[in-house]
Amino acid sequence: MEPHEFKLTEEGIKAVLPPLEAEIMEHMWKVKVATAGQVYEYMKQKHPEIRRSTISILMNRLCEKGLLQRSVEKGRGGMRYVYSITTTREEFEQKVVQRILDALMTNFREATYAYLSRIKK
Amino acid sequence: MLYVILALEVLLVVEAFGDLGIAMAGGAMAFLGALYIWATRHKFGENLIPLEREEMPWLYDGIAELAEKANVPMPKVYLLDDYIPNAYSFGNTIVLSLGLFEVLDKDEIIAVAAHELGHIKNRDTKWFPMVTYGRCLMMITTLALLIAGSVPVKGAATVLYIAYELARSDFMKKREFLADETALRLLKIPMSLKRALEELKYYEDLRMNVKVNAVPSIEPGIEREKRFAFFTETHPSYEERILRITFEMNNLMRMKQVR
């Protein structure tokens with residue numbers, strides 16, 4: 001997943017993901033594998049008004065972004081989609097930092113070097 | 001009405017082109033007949049997974065119960081590997097997408113299956129392909145008439161084509177409502193059909209970016225291809241269906257009270 005925007009005012013991964021998607025990813029990095037129904041039950045605790053449709057759409061959106069992958073599983077209760085993470089949180093954060101620094105080096109090379117050298121000292 | 005328009009179209013072709021018209025109409029009908037036979041034999045896509053009873057007894061038994069009540073043979077049930085909630089029927093087959101199982105509960109999924117069973121019971125799965133092939137026939141013959149016909153023939157062909165589209169749209173919508181009515185009579189919990197449609201409407205609204213402020217991450221990338229139908233829309237809106245279902249449920253309750 002390549003982040004395309006960075007919100008300076010948001011904390012953590014909400015800086016690169018919309019709030020609900022960020023919450024879903026935080027949960028998915030903890031559990032690693034889950035159905036949309038299980039994520040719905042978790043999200044409902046914090047957002048009682050949230051609907052299953054919202055979770056399903058957002059999780060498939062995260063699949064499109066490459067952060068989750070969807071597979072069909074035959075389990076108890078029948079056939080269903082199971083979602084799993086494609087990258088660890090650490091790998092994701094490294095990619096974000098790398099992408100941002102690359103962009104800074106391309107657009108503000110001198111200033112970025114100067115600032116990084118000041119931090120290093 | 002649709003047959004009358006089709007008959008008039010064939011007459012117009014014969015009138016405009018004589019023997020060639022008879023050959024054209026006959027050829028087009030033979031081609032569409034062959035296409036129908038081919039399509040009915042090659043209907044299954046790779047994404048369709050046959051439902052075994054052991055996998056989801058609640059679904060299999062629920063549909064079997066509905067079929068018995070509707071006095072139709074147990075339909076074949078397939079699951080479609082598609083995350084977007086969707087259901088359709090053809091022949092004596094019901095297809096339910098896996099996306100349905102993410103957004104609806106068991107009663108609501110049975111309600112969606114009951115609507116599709118309604119189409120089977122009302123023979124829509126036989127009628128709908130006919131109407132679609134009729135539309136293909138109309139397109140082919142209208143095009144031929146517009147290219148080679150005289151000015152009055154071109155005018156008549158255009159009028160007949162528009163009339164067919166309007167009649168088709170009206171027919172298909174009425175059959176959708178009828179399938180809902182049938183489902184309401186088959187279901188143990190008729191309210192589940194209303195609930196299912198409300199959830200699917202919510203899904204569609206979200207998908208169509210209506211509630212962009214509630215969920216800022218919905219972007220066109222997730223959108224299904226929107227078919228621009230103009231006056232040829234064949235499905236009533238969720239609002240229309242929910243409204244009709246509410247009326248129908250009230251009627252059913254009144255009838256029960258009278259009994």
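Of the contacts in chain A between residues at least 6 apart in sequence, 46% join residues that are at least 24 apart. This is a predicted model, and the values that follow are computed from it. The chain in question has 121 residues, and buried residues account for 40% of them. Its secondary structure consists of five helices and three strands. Read from the N terminus, the order of these elements in chain A is α-β-α-α-β-β-α-α.

Next comes the interface. On one side, 22 residues of chain A take part, and they are in contact with 29 residues of chain B. The size of an interface is often given as the accessible area lost when the parts come together. For chain A and chain B, the area buried between them is about 2,300 Å², and 57% of this lies on carbon and sulfur atoms. Within chain A, the residues that lose the most area to chain B are A:Ile57, A:Met79 and A:Tyr81, which together make up 29% of what that side buries.

The interface also has polar and charged links. Between chain A and chain B there are 10 residue pairs in polar contact, counting pairs with both residues at pLDDT 80 or more. Three salt bridges are found across the interface of the two chains. A:Arg52 forms a salt bridge with B:Glu108, and their closest N and O atoms are 3.6 Å apart.

Which elements give two or more residues to the side of chain A that touches chain B? They are helix H1 (19–31), helix H3 (52–64), strand S2 (68–75) and strand S3 (78–85) of chain A. H3(A) gives the most to this side, with nine residues. By type, the residues of chain A that touch chain B divide into nine nonpolar, six polar and seven charged.

One residue of the partner chain can be looked at separately. B:Asn71 sits in the loop that lies between helix H3 (57–70) and strand S2 (76–80) of chain B. Is B:Asn71 buried or exposed? B:Asn71 counts as exposed because its relative accessibility is 71%, and the cut-off for exposed is over 50%. In sequence, B:Asn71 and B:Lys121 are 50 residues apart, while in space their C-alpha atoms are 8.0 Å apart.

Conventions
Residues numbered from 1 in each chain as written. Chains lettered and ligands numbered in written order. Predicted model: local features only at pLDDT ≥ 70, side-chain atom pairs only at ≥ 80, totals over all residues. Heavy atoms only, no water. Contact = heavy atoms within 4.5 Å. Buried area = accessible area lost by both parts, 1.4 Å probe. Salt bridge = Lys/Arg side-chain N within 4 Å of Asp/Glu carboxyl O. Polar contact = N/O pair within 3.5 Å; in protein donor to acceptor, adjacent residues only side chain to side chain. Helix = DSSP H or I, 4+ residues; strand = E, 2+ residues; numbered from the N terminus. Nonpolar A, V, L, I, M, F, W, Y, C, P; charged D, E, K, R; others polar. Buried < 20%, exposed > 50% of the residue type's maximum accessible area, 1.4 Å probe, protein only.
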